[in-house]
Amino acid sequence: MNYLNAIPLNIISLIGIFGLCGIAWIFSENRKLKYFPWRLAIAGILLQLGLGALVFVVPGSREALQLFSSFLDSLFIAADFGARFVFGRNIVPVPGTEPDINLGYIFAFRALPTVIFFSGLMALLYNIGVIQFVTTIFAKIFYTVMRLSGAEALSGAANIFVGIEAAIVVKPFLAKMTRSELCAILSCCFGTAASSTLAIYVSFLRPVFPNILGHLVSASIIAIPACFVLSKILVPETEIPLTAAGIPRQDDIRASEYTLTDASESGEAARETVGGEPIERISPLDAAIIGALDGVKMAVSIAAVLILILGLVSLINQLFGWLAILPGSVGEFFQVFTLSNILGALFLPLTALTGVSLEWNELWQSSVIIGRRLLETAIPPYQALGEAAALPEAQRVISDRAVLIVSYALSGFAHLASVGIFVGGVSALIPSRRRDIAALGWKALFVGTLATYMIACVAGFYDTGAPGILGEREETPAITAPASPVSPANSPSPVQTAPAIAPGASPTVAPTNPPALPSPTTVPPVPPQSSPSP
């Protein structure tokens, strides 16, 4: 796609940014214009466009992004090195070599170890003060540009690196926060992805999108102002926040949260009390080890959620598959009325606002992939996107532009599985506000969804079709595993979904045998007369 062909789509993407603000205003708690956050909305949109320009337009930014991605790739090499020592070269092959026994890509042994490594690394960087330093810089930017409350800005900046832990950063102020502040903090949790899960997304897309890690990091940064803009429109600020005067200092937070003793006076190691329990300050190595152990818990949690959620989705798909083989109009209806098509139709208007494509087939499949996140988390959709982008040119429906935009649109925790995690986690921090948190949880999920679409619009606005945006592809991507046929008596694979059929298309499901329900991105394009979570 050349630059001239991209111009109409770029215009659609720009219009989509304001269209998403309009959607948030339609569902706002208070649609009076005097409560509309004009200054914050304008400043937040300009900040997003400015950050997007740094990634896509500023001279040398593309080369800098490639260098940054190469630097971050070394972290994955390190993670694979550790996993290779534990699991062996057949399971975690050496790059550029063929293993003695090719077992393919095994998610549990390739993706989840990176979660453990990144968790330990982030704990180490936090212990030596790197994360706090970077977080403070971004908090000052968000506070100065958008005039947020100090606690909002600090928590939002922390969301660039972590998930629900960002709320702990401002825990002393949570109980007295306004409803608008609480919604904004929750929205940032839904609209961004933790650094540890980015490792999983990269593992699926790196062969077809070599610069994916750098773009996902930029997506996490751009998503923060997007979340604030949309949350302040949906739940306008009608009170004066406690931290409106500025960003809380780390010393103030510690004074509110912890009881400190002076080691130089006591002659003992400095100790803190957290929740009344005394703990010793730990060394960087101890912090890294504890972080890695926390990563093990996180990896197990991710595996458990995927097994449960994808298993439930598989049950629904099996039901639709059996209904599709019924004779007559009922079977024909359920050959089109599938779970993937329902979600694809639900998210189609929002996907169209991103300017992903003017081609119906591509627009539809992009919508189906994004729609899967709501139930399945973002992990299977990223895998499906990688598989669709790795198809031979003659079979590809997803273009490079769609890969870029959909990658940005999926980069968040805006799915149902996160509602319980975020709402339950924040409620545990402030039980007195449990009712408010529960009511705002669904609004925050809505905002997080819109925010991921907004940053996709930013990426779409700046996309010129230049090959350097995605980076130079690997020649032989190997991230897919062929699905074996499934007989009617067997259950479909939990990572599979019903085939996506555009409304009005001829049925493609065999009437005598419920299919194995392959991923929607692997389905051949439908005829021209018609045109698809973490």
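My request concerns one cysteine: is Cys-227 buried or exposed, and what is its relative accessible area?

Author: In this predicted model, Cys-227 is buried, with a relative accessible area of 0%. The cysteine sulfur closest to that of Cys-227 belongs to Cys-188, at 4.7 Å. Cys-188 likewise counts as buried, at 0% relative accessibility, and its own closest cysteine sulfur is the one in Cys-227.

A disulfide is a covalent bond between the sulfur atoms of two cysteines. The cut-off for assigning one is a sulfur pair within 2.5 Å. The sulfur atoms of Cys-227 and Cys-188 are therefore too far apart for a bond, at 4.7 Å. A search of the whole structure finds zero disulfides.

As to the setting of this pair, the protein chain has 534 residues, of which 52% count as buried. Its secondary structure consists of 22 helices and three strands. The accessible surface of the chain is about 23,300 Å², and carbon and sulfur atoms account for 66% of that area.

H2 gives the most, with three residues. Phe-27 lies in the loop between H1 and H2. Whereas Cys-227 is buried, Phe-27 is exposed, with a relative accessible area of 51%.

Definitions and conventions. Residues are numbered from 1 along each chain as its sequence is written. This is a predicted model: local features need pLDDT of at least 70, side-chain atom pairs count only at pLDDT 80 or more; totals for chains, interfaces and linings use all residues. Side-chain values use heavy atoms; hydrogens and water are left out. Helices (H or I, at least four residues) and strands (E, at least two) are DSSP runs, numbered from the N terminus. Buried means under 20% relative accessible area, exposed over 50%, partly exposed in between (1.4 Å probe, protein chains only). Accessible areas come from the Shrake-Rupley method with a 1.4 Å probe; for residues, only the protein chains shown count as cover.
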